[in-house]
Amino acid sequence: PRAVPIDPEGGAFLAVLDGHVDPRRLTLVAELRDGRRVRFTHSTDVTDRDGRPADQAIGEPWRAPKRTVPGTGGPGPALPGTLAQTGSASDPTGGPRWELRSWQAAATPRRGGGRGPARFVCWQAGVASGGQLVQPVPGGGRPRTLRPSAGSASSCRDAGATGEIDPPAVTTYPDDAGAYAPRPLRTVVSGALPSGATDGRLLGAGAPRPLSTDANGAFVMVLPGSGWRASLRISARLADGRTVTSRGSAAGGPTPAAPQVRAPDPDGAAPWGYATGIKGPWNGFYSELGRVIDGQLGALDPTTGTLLPRAGQDSFGTPRQNAETFNGPVQFTGGPVEQAPLGGRLPIDQAEVERRTLPGATAIAGQADADVRSITITTPRDVRTIEPSGPHHVFLVVYDGIFYRGASTATIRLRDGRTVTEPILSAAPFDGGGQERTPTLTQRLALERTGLRQMRALLPRSTANPRLHRGQLLTARLQRNEIRQIERRLAFARAHPGLLPKD
């Protein structure tokens, strides 16, 4: 017999036993708060997504485990004779030429079997330094040496996929990632065309630009820094004669949004910004939290110091579907961001100003109802009072460090003089034991009910798009099932107080 720990929030438990154990011979004894004991010898109260009782799994007899080959089906080492490296792109700022390295790689065996790509084409873009290919680091940091392997700042595509064009990989280098106003200097665009494809062109950066490919179909082009805001695409003529265009840059996503509210960065780097509204091909709701770069929301990679053409947190859905709660006058989002300092490390003999701040950052952003006058945010760090601004009533505060312990709350003052207090779950994603905080069942029920109402409101607008309409119908059905499950759990807890763990 062994004791099984029970999660105090959701009541979940888990035990991993030896493979020789027959599941049909297991017995679980649960001791209730009133001293009674209940014995279980089979699956109990287990239902599927539709609320139907789940079938009892039949335990198979023990057998010696098969030897598994490590690997995930990804690209392996470079195949002999396929490595190619050329100097093929000039830097618009007058810096050293950018070189392209590409190779072919066989796929590693997949764990558990399954089929995947048989061969990959991989590539890297960098500059030559000391006889090696390196990736520059903005701000004077030590360059990163690139080696011909899948895990060394490289991109790969399925060499056997001949019917479509992959979006290009886009990397923008600012002058200094840790500066208050980093200036985008150059945008490196790279990729690989399918085997047999010809007449490759880069679209979205002014007039179409022809691409020069190497023996593996890889290409690189360096644009001015303003290219980070462009929706870059690749077009090419396939071996069957069709001309196909990619759907956009791999890291680009939607067009960067303009910030609706700003907050200073604790380390003196680029300020933070937040925006929310309606945009996208389906007029979907979005919320973006990121750095303000060149008047737009973007993200700075804390490892490489490069600029990504999209905000750090980007989400789409129905209005307020992406917030953590829906049952109050304020919807919060955000959380811990950027676990490492921006930019590279300066040489030890070079003077540097070091700010006395904690590593990482925590951002609290969101949207308030029109009748909210002010929000007083209380965190383990301090107490701040802010006022929502702009037509969408948005707000944003940024702290240095991460709140591993302690609760964060918001005291909301309404225009009629009333006050409402709400927890801010996203501000403290960890409890004292290092576990993620999760909404209570009551909060989840309010979230699901609001999401279902919003999804039902969208259904009449999507009838012209059958595929979208079917997806929304499925989502609404899953939401209804989830609501029924939560309601059953809450009803049981009310009828039998103290029997189940606190929700």
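Modeller: Before we start, a residue counts as buried under 20% relative accessible area, as exposed over 50%, and as partly exposed in between. Keep in mind that this is a predicted model.

Colleague: Fine. Is Cys 156 buried, exposed or partly exposed?

Modeller: Cys 156 sits in strand E9 (residues 155-158). Its relative accessible area is 30%. Buried means under 20% and exposed over 50%, so with 30% Cys 156 comes out as partly exposed.

Colleague: And which residue is Cys 156 joined to by a disulfide?

Modeller: The structure holds one disulfide, with 2.1 Å from S to S. It links distant parts of the chain, 34 residues apart, and the other end lies in strand E6 (residues 119-129).

Colleague: What is the angle about the S-S bond in that link?

Modeller: The link of Cys 122 and Cys 156 is right-handed. The angle about its S-S bond is 105°.

Colleague: Let's turn to the backbone. What is phi at Asp 199, roughly?

Modeller: Most residues other than glycine have a negative phi. Asp 199 is not a glycine, yet its phi is positive. The residue is in strand E12 (residues 198-203), and it is partly exposed, with a relative accessible area of 37%.

Colleague: Where does His 393 lie?

Modeller: His 393 also deserves a look for its backbone: phi is positive, near 55°, in a residue other than glycine. At 24% relative accessibility it is not under the 20% cut-off for buried, so it counts as partly exposed. As for its place, His 393 lies in the loop between strand E26 (383-386) and E27.

Colleague: E27 belongs to a sheet, then. What is the strand order there?

Modeller: The sheet is open, has three strands and pairs them antiparallel. Its edge strands, each pairing on one side only, are E23 (330-337) and E27 (394-400). Neighbouring strands are turned by 15° against each other on average, direction ignored. The order is E23-E24-E27.

Colleague: How many bridges join E24 to E27?

Modeller: E24 covers residues 361-368 and runs antiparallel to E27. Two strands pair if there are at least two bridges between them, so this couple qualifies, with a bridge count of seven.

Colleague: Last one: which residue in E27 stands opposite Ala 363?

Modeller: Strand E24 spans residues 361-368, and E27 spans 394-400. Opposite Ala 363, the residue in E27 is Val 398.

Technical notes
Residues numbered from 1 in each chain as written. Predicted model: local features only at pLDDT ≥ 70, side-chain atom pairs only at ≥ 80, totals over all residues. Heavy atoms only, no water. Helix = DSSP H or I, 4+ residues; strand = E, 2+ residues; numbered from the N terminus. Axes fitted to C-alpha atoms, helices over the stretch in contact; angles between N-to-C directions. Buried < 20%, exposed > 50% of the residue type's maximum accessible area, 1.4 Å probe, protein only. Disulfide = S-S within 2.5 Å.
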